[in-house]
Amino acid sequence: MVPVRLTGPRLAVREYHHTERDVDALHALFGDPEVTRHLPFGPSDREECADQVELYLEEAMAGERDTYRLAVTRLASAEDPADATPVGQASLTLDGYRAAQLGCVLARGSWGRGYAGETVGLLCDLAFGALDLHRVAARVAVANEASVRVLTRLGFRREGRLRHDGFKDGVWTDSYLYSLLADEWPGPAARTQGG
């Protein structure tokens, strides 16, 4: 396994550790009904989150890795990002030839600070850089206006609306499909200069 470690101006994205701290952080994230409101699943209990961290580590050790579920941490939280408590999760799932699905979830206390944009930017740097992908796509619940704004600001284009794409709590919901191609991504240097 080659561990993923990405660093932005304020955040780091790293592999999960099978520690109480990382399990507790994932439970704080996925156990919050407000955070999971736009996700395809409802709140998770701590045992489910411990199982998830174990799965993430197994995925990271796969011979041909196709799933990257990573912890998002604040650089200011610890001298070494490996020691910082996660405040979110970032994911890339390879899907087809040189393509991936992207996801980002942040703890409620981290909303409204621009962390989602920075996290998605770091994932795009990984996707179009080290992973040499051609296309990154993201599905977003139609009601999730904050995520729509983040993707749009980063240059993702809406490809369409997926009708009744999700079923949760007895209700069908629609999603938007967004994508970004490698030649549309300015890269970290251009992004830093251009905002």
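Is His164 buried, exposed or partly exposed? His164 counts as partly exposed, at 49% relative accessibility; the classes are buried (under 20% relative accessible area), exposed (over 50%) and partly exposed in between, with a 1.4 Å probe and protein chains only.

1. Basis of the note. The model is predicted, so that local features need pLDDT of at least 70 and side-chain atom pairs count only at pLDDT 80 or more, while totals for chains, interfaces and linings use all residues. Residues are numbered from 1 along each chain as its sequence is written, and side-chain values use heavy atoms, with hydrogens and water left out.

2. Most residues other than glycine have a negative phi, and most peptide bonds are trans. His164 has a positive phi, near 45 degrees, and is not a glycine. His164 belongs to strand β7 (residues 157-168); helices (H or I, at least four residues) and strands (E, at least two) are DSSP runs, numbered from the N terminus. Asp132, also not a glycine, has a positive phi of about 50 degrees. Asp132 is placed in the loop between α3 (115-128) and β6 (135-141), and with a relative accessible area of 46% it is partly exposed.

3. Leu162 in strand β7. Strand β7 also holds Leu162, which counts as partly exposed at 24% relative accessibility. Not counting residues up to four places away in sequence, Leu162 touches Arg139, Asp174, Ser175 and Leu177, where contact means heavy atoms within 4.5 Å. From C-alpha to C-alpha, Leu162 and Leu177 are 7.0 Å apart, with a sequence separation of 15 residues.

4. Aromatic pairs. Four aromatic pairs are found in a search of the whole structure. Rings of Phe, Tyr and Trp (its six-membered ring) pair if their centres lie within 6.5 Å; planes under 30 degrees apart count as stacked, over 60 as edge-to-face and the rest as tilted. One of the pairs is formed by Tyr16 and Tyr56, which is tilted because the ring planes stand at 45 degrees, with the centres 5.1 Å apart. This pair links distant parts of the chain, 40 residues apart: Tyr16 is in the loop between β2 (11-15) and α1 (20-30), and Tyr56 is in helix α2 (residues 46-61). Tyr16 counts as buried at 3% relative accessibility, and Tyr56 counts as buried at 3%.

5. Packing of α1 and α2. Two packed helices are described by the angle between their axes and the distance between the axes. For α1 and α2 the angle is about 120 degrees and the axes are 9 Å apart; axes are lines fitted to C-alpha atoms, for helices over the stretch in contact, and angles run from 0 to 180 degrees between N-to-C directions. The two helices α1 and α2 are therefore oblique to each other, given that angles under 35 degrees count as roughly parallel, over 145 as roughly antiparallel, 65 to 115 as roughly perpendicular and the rest as oblique. The residues that meet include Leu26, His27 and Phe30 in α1 and Cys49, Val53 and Tyr56 in α2.

6. Surroundings of Tyr56. Leaving aside neighbours within four places in sequence, Tyr56 is in contact with Tyr16, Leu26, Phe30, Arg69 and Gln89. The C-alpha atoms of Tyr56 and Thr67 are separated by 8.3 Å, and the two residues are eleven residues apart along the chain.

7. Gly31 between the helices. Gly31 lies in the loop between α1 and α2 and counts as partly exposed, at 26% relative accessibility. With residues up to four places away in sequence not counted, Gly31 touches Leu26, Pro43 and Ser44. Gly31 and Asp66 are 35 residues apart along the chain, and their C-alpha atoms are separated by 26 Å.
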